[in-house]
Structure formats: C-alpha cells, structure tokens
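Dear colleague,

I am passing on the structure we spoke about, and it is set out just below. Please have it open while you read, as the notes that follow go through what was found in it.

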Amino acid sequence: MPEETPDLFDSQALISLRDLRVNYGDREILHGISFDVLRGETLVILGGSGSGKSTLLRTLVGLEKPTSGEIWIKGKNIAAIAESELDEIRKKIGMSFQGGALFGSMTVGENVALPLREHTKLEDSTIQIMLRLKLEQVGLEGFEYYMPSQLSGGMKKRAAVARALAMDPEILFFDEPSAGLDPIIAAGIDQLIIELKQAFRMTIIVVTHELASAYLIADRMVLIDKGNIVAIGTPDAMRASTQPRVRQFFDRVAEPEVARELDYLQMLTEDRRHPSESAERRS
Amino acid sequence: MQLASQIGGSVTNGLAYFGSLASLGGRAAYYTFVGPFQGKPLRVQRAFSQAMDVGVRALPILSLITFFIGLILALQAAYELRRFGAIDYVSTAVAISMTRELGPLITAIVVIGRSGSAFAAEIGTMKVTEEIDALETMAISPVHFLVTPKFLAMIVMLPCLTIWANTLGILGGSLFGVTQAGFTLHRYIANSINALFLRDIATGLIKSVMFGITITAVGCLEGLSTGAGAEQVGRSTTRAVVMSIFLVVVVDLVFTALFFFLTDH
C-alpha cells in the first residue's frame with residue numbers, strides 16, 4: 001500500500017530524512033538525522049573523517065539499512081520497502097563512488113553502457129549513441145575503448161560520472177568527488193558538477209570534506225559531526241555562523257591541544273562514553 | 001563451561017556459514033532456473049567466458065596431474081597385486097578408483113586451486129573497490145550478475161572435466177600396463193571399460209556436480225564477505241581454498257556413504 005507522504009514535507013522536497021539512525025554492530029553511527037533535499041538543489045554534506053557522512057550517503061542510496069527512521073525519496077520510504085521497489089528508485093538515481101568503482105574487466109564504454117543494457121531494451125546502435133553522448137558530457141569523448149586501468153584518477157571519476165548519468169537520473173550522489181585528485185583536476189570535477197546542475201536541473205548530493213569545493217558547488221550545506229547535524233544552511237549562512245563547532249570546521253581549527261593530564265583523561269572518557277550510552281539506550 | 005560455550009559458538013558459526021552458503025546457492029538457483037521466465041535473462045555470454053576459464057584453460061594442468069595419478073595408482077596397485085599373480089587386475093583397480101573417487105576429487109582440487117580462489121579474489125577485489133556497491137546502486141543484483149554465471153559454468157564444466165580426468169587417469173595407468181604388465185593398449189582399455197559399470201561413472205559425475213556447487217558457493221561467499229582493505233582479499237582467497245577443500249571432502253563422504261547404503265550389495 002502506498003503510504004501518503006506526511007504533511008510536514010515541503011512540496012519541493014525530493015528527499016526527506018526523518019530521525020535517521022544507523023548502527024554498525026553495537027555502535028550507533030548516526031544519531032537521528034533529519035533534513036530535506038529540495039528539487040534541483042546541490043546539497044553538500046560536510047564533515048570530518050569519522051563524522052558519519054559517508055555512512056549517511058551509503059544509507060541514502062540503500063547500501064546500509066537504517067536501524068530506525070525514514071528516508072523518503074520521491075514519495076517512497078526506502079527504509080521500509082522491498083528490494084524490488086528499491087531497485088526501481090535506484091534506476092532513477094546515479095552514484096559516483098570515491099574511487100570511481102569502474103568495473104576493471106570492462107572498457108569505459110561497456111561500463112557506461114551497462115545500466116542501459118541491463119535496464120532498457122534499447123538497440124545496440126542507440127546505446128552506442130547514448131554512450132558517446134554521456135562520455136561527451138563528462139569530457140571523455142574518444143575514450144570508450146580504454147580500460148579503466150589506463151585512465152588517470154580524474155578521468156576515472158569522469159567515467160564514473162558518465163556511468164552514473166547513463167539512466168538520466170533525477171538525483172546524483174557524489175562520494176568525495178575531489179578525493180585523491182590534484183587541485184586543478186579537482187576543480188575540473190567541481191566545474192562538471194556545476195555544469196550538470198545547470199544543464200539538467202539535477203538534484204545533486206555531494207559528500208566531501210573539501211571546503212573550497214563545497215563553497216563553489218553548494219546551494220546549501222549540512223555540517224555533520226559525530227553522527228549529528230551541527231548546522232544546515234546556505235554557504236553564506238555557514239560563513240556567518242557563530243556556532244563554535246561550525247567555526248572550528250570552517251576556520252580549519254585543529255582539535256584543542258591537550259594541556260594537562262586531567263584534560264587528557266577527560267578527552268578519553270568522553271570518547272568512550274558514546275558506545276556505552278547507545279548500549280544503555282538499547283537495553 | 002567455557003569449553004561448552006566455545007563448542008556452542010563454533011557450532012552456531014558453522015551453521016550460520018552453512019546457512020549463508022545455502023542462501024547464496026538458492027539465490028543463484030533462482031536466477032538460473034526461475035529468473036529466465038520472469039524477464040531476468042541468463043547471462044549466457046558471461047557464463048560461457050567463465051566456462052572457458054574454469055574448464056578449457058584447466059585442461060593442460062588437469063591432464064598432466066590425472067595422467068600421473070593414474071600411473072601412480074597402477075604402480076601402487078601392482079605392488080600388491082603381483083604378489084598374488086593378479087597383475088591383470090591393475091586395469092580394473094585403476095579404472096574403478098579413478099571414476100568412483102579420484103577423478104572427481106582431483107578435478108575438484110585442481111578447480112579449487114584455479115577457480116575457487118579466483119572467484120574469491122575477483123569478487124573480493126570488487127568488494128574492496130566498491131564495485132559490488134556500484135552494481136547494487138545501479139539496481140543490478142551482484143548474485144545475478146556475478147555469481148550465477150559462475151554457478152552455471154561450474155555445474156556444466158566440472159562433470160566434463162571429470163570425464164576427461166577419468167580418461168587421462170586410465171591412460172596413465174595404461175602406460176604402466178603396457179610397458180610393465182604385458183598388456184596391449186587395446187586390451188588394457190577394453191579391460192578398463194569392461195570393469196566399469198555405468199553406476200561407477202554416474203556416481204562420480206553426480207559428486208562432481210555437487211563439488212562444483214560447493215566450490216562456487218564458498219568462493220563467491222568468501223568474496224562477497226570480504227572486509228575493507230587489500231589484505232582482506234588475500235584472507236578471503238585463503239579461506240575460500242581451505243573451506244572448499246574441506247567441504248568438498250565432506251560432500252564426498254556424504255555422497256559416497258549415500259551411494260553405498262542406497263545400492264544393494
């Protein structure tokens with residue numbers, strides 16, 4: 001039975017998270033995340049290493065099952081639907097993985113064409129045309145017969161974007177698009193994301209820890225720390241924020257140095273408290 | 001007390017492992033036998049290229065090994081038989097032990113070394129590089145895409161390889177028979193064929209199909225359950241080989257016992 005989308009939803013919201021909690025084993029990684037992603041916007045999820053931002057992304061595309069909470073994508077709660085229904089949603093999203101995740105045994109062209117071959121009954125000649133089009137969009141025309149191992153890091157990312165675009169998705173997810181790339185190549189990927197947004201009015205969600213890139217591409221930002229949302233807002237609002245945690249991240253301040261033995265002990269016990277807290281909550 | 005809980009833990013783990021194997025095998029069986037009728041076509045082309053890898057490319061090494069095994073069997077059998085002046089029975093001994101037991105078993109072990117490990121390494125690497133995740137986000141089932149073609153290839157190729165292994169083993173035995181025991185090649189082969197019942201060959205082939213299922217399930221399961229990092233791929237590959245050899249021997253025992261008690265003596 002198709003559940004009605006709740007009233008609190010903005011009619012513009014394409015994705016809505018409600019009190020999302022995710023566990024790895026006994027440890028709770030995300031402690032109740034709620035926000036909306038509006039149609040056509042580029043939302044950047046920011047956070048340090050271990051903040052839970054990658055887990056959040058994996059949960060959004062259905063690779064991790066949430067412990068509780070709701071993930072509404074296009075009016076369906078993907079936390080509570082069958083695998084076959086989830087697959088239907090997945091055909092409308094594209095995901096670009098951190099390392100590209102291209103299939104090493106296939107050429108770039110076969111990689112990009114794979115979703116089309118799997119999910120459509122298009123003629124091979126049509127698929128060839130679409131595949132060239134997608135490669136052109138990401139600036140990789142002429143590379144269809146290359147193997148992924150023959151591509152540079154930046155080209156791999158572009159090829160991965162082309163594959164993510166294959167099914168003309170409404171939503172595009174990026175995991176650390178500029179990780180492991182030199183600044184010039186990374187800027188090129190940022191430019192590509194901006195072009196995709198302008199050309200196709202695509203809804204784009206990017207997970208990154210690169211501030212410069214985030215400022216450039218984001219319509220709105222979500223800052224995540226230790227599995228909680230710290231702040232959410234436009235880049236300007238984030239710049240102007242006076243919240244200490246936000247300032248620390250945006251001004252790139254290191255964690256406070258440990259001055260005395262007592263501080264050190266306190267820091268250790270604070271870190272330890274998290275798992276036991278979540279254990280208590282469960283029992 | 002601690003011992004009991006340890007034994008209990010091991011049993012639970014073993015059962016869970018067996019459950020995962022069965023679940024993976026079941027899903028692969030679904031995509032092989034039911035899927036094609038529900039608009040999920042079989043990946044014949046991928047299965048074919050897997051079959052080339054699993055089967056055809058294994059022929060040279062398998063031929064050599066089984067030829068030697070046949071020769072060894074003949075030597076060992078002759079050692080005892082000649083004391084009774086029954087050296088003529090060498091051909092029978094080799095033919096029966098090859099087709100009933102050693103043909104399927106040696107084939108399985110060669111295939112574990114070549115393909116079971118390769119399955120775990122291939123799928124494990126894909127897991128580490130997020131390629132398995134990529135398949136899932138593209139709404140392509142990794143079991144359908146990767147595992148099912150391997151099952152198909154194994155189920156078809158392992159019996160074929162076994163027949164080949166049996167033949168080469170008998171030929172290996174004939175080398176001894178002809179040079180040392182006064183057979184002509186023709187008489188040695190004719191003797192071997194006469195000694196065999198269809199039942200001997202059939203039980204061997206049934207076992208080889210079961211071995212194929214076991215090897216694929218273990219290799220793919222180990223690959224799919226690879227953790228993060230390159231050294232985990234190595235660990236999965238090792239585990240795949242060790243578990244496959246162990247389980248193939250277990251399956252061998254179960255089916256041999258089954259055939260023993262089912263046939264009237």
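In this predicted model, strand β3 of chain A, residues 42-47, runs parallel to strand β9 of chain A, residues 220-225, and five bridges join the two; within that pairing, A:L46 of β3(A) has A:L223 as its bridge partner in β9(A). Strand β8 of chain A, residues 203-208, also pairs with β3(A), again in the parallel sense and over five bridges, and here the bridge partner of A:T42 is A:I204.

Turning to chain B, helix α9, residues 230-262, has 33 residues and reaches 47 Å from its first C-alpha to its last, which is close to the 48 Å expected at 1.5 Å a residue. The buried residues of α9(B) include B:V233, B:A240, B:M243, B:L247 and B:V248, with B:S236 and B:T237 also among them, and the buried residues of this helix pack against α4 (90-128) and α8 (198-224) of chain B.

As for the two chains together, ten residues of chain B are in contact with 13 residues of chain A. The side of chain B that touches chain A comprises, by class, four nonpolar, two polar and four charged residues.

Key
Residues are numbered from 1 along each chain as its sequence is written. Chains are lettered from A and ligands numbered from 1 in the order in which they are written. This is a predicted model: local features need pLDDT of at least 70, side-chain atom pairs count only at pLDDT 80 or more; totals for chains, interfaces and linings use all residues. Two strands pair if DSSP finds at least two bridges between them. Helices (H or I, at least four residues) and strands (E, at least two) are DSSP runs, numbered from the N terminus. The expected span of a helix is 1.5 Å times one less than its number of residues. A residue is buried if 20 or more other C-beta atoms lie within 10 Å of its own, exposed if 12 or fewer, and partly exposed in between; C-beta atoms are placed from the backbone. Two residues are in contact if their C-beta atoms, placed from the backbone, lie within 7 Å. Ala, Val, Leu, Ile, Met, Phe, Trp, Tyr, Cys and Pro count as nonpolar, Asp, Glu, Lys and Arg as charged, and the others, Gly among them, as polar.
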